[in-house]
Amino acid sequence: MSSSQSSPLTRIDHIGIACRNLDETVEFYRATYGFEVFHCEVNEEQGVREAMLKINDTGDGGASYIQLLEPIREDSAIAKWMAKNGEGVHHIAFGTADVTATTTDIVGKGIRSLYPEARRGSMGSSINFLHPKDAHGVLVELVQAAEGDEH
Ligand code: CMX
Ligand code: CO
């Protein structure tokens with residue numbers, strides 16, 4: 001089944017979930033839902049250790065994931081957010097074929113992006129974020145999957 005929408009955002013790439021202990025949370029997702037780890041990495045720039053749990057492939061050649069995020073630094077965005085909110089859903093990420101063009105288009109509608117240029121995200125992807133205060137209280141990540149990525 002294909003989508004009839006004309007949006008450049010063609011999948012829910014992932015839901016980002018903040019957790020205190022990545023290993024314990026990974027085990028919870030495995031034992032409770034049967035989701036296995038597809039990929040694990042440390043992103044120094046974002047200040048996180050993360051696990052991507054693949055949920056399903058999507059109609060645009062990509063996939064949807066749960067992204068579990070454990071802070072590795074007290075000054076990271078995730079640590080700061082958890083100090084206020086505890087564990088839980090931190091952001092939603094939409095997939096797009098061209099993160100730069102999509103960000104420019106949305107910024108043109110008066111919504112702030114967080115970075116002037118896309119940065120490196122999970123699995124070599126290129127990412128940017130939209131400010132939650134301009135997006136009805138939701139931190140939105142825009143994701144362009146890496147070239148030749150198997151997902
Ligand atoms: N969802 C919704 N609202 C959020 C939010 C979130 N995840 N994070 C912050 N906010 C809100 C706060 O509640 C606050 O609102 P009030 O002013 O009404 O209290 C406001 O935004 C400012 O928040 P803050 O706590 O003062 O935090 P900062 O402004 O310092 O940082 C943000 C907020 C979004 C700019 C920062 O978290 C950021 O740069 N995020 C992007 C990077 C990131 O999240 N990396 C981790 C994930 C990496 C990955 O996915 O790969
Ligand atoms: Co993310």
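Analyst: By class, eight nonpolar, five polar and four charged residues make up the shell around ligand 1 (Ala, Val, Leu, Ile, Met, Phe, Trp, Tyr, Cys and Pro count as nonpolar, Asp, Glu, Lys and Arg as charged, and the others, Gly among them, as polar). This is a predicted model, in which local features need pLDDT of at least 70, side-chain atom pairs count only at pLDDT 80 or more, and totals for chains, interfaces and linings use all residues. Residues are numbered from 1 along each chain as its sequence is written, ligands from 1 in the order in which they are written, and side-chain values use heavy atoms, without hydrogens and water.

The 17 surrounding residues each have a heavy atom within 4 Å of the ligand; the closest are Gln 46, Lys 80, His 90, Lys 133 and Glu 141. Helix α2 (77-85) gives the largest share, five residues, and β5 (88-96) supplies at least two; helices (H or I, at least four residues) and strands (E, at least two) are DSSP runs.

Now the polar contacts (N or O pairs within 3.5 Å). Oxygen atoms of ligand 1 lie 2.7 Å from a polar side-chain atom of Lys 80, 3.0 Å from one of His 91 and 3.3 Å from one of Lys 84. The protein covers 70% of the 970 Å² of accessible area that ligand 1 has on its own (Shrake-Rupley, 1.4 Å probe).

His 91 in β5 and Glu 141 in β8 (residues 140-144) are 50 residues apart.

Terms used. Polar contact = N/O pair within 3.5 Å; in protein donor to acceptor, adjacent residues only side chain to side chain.
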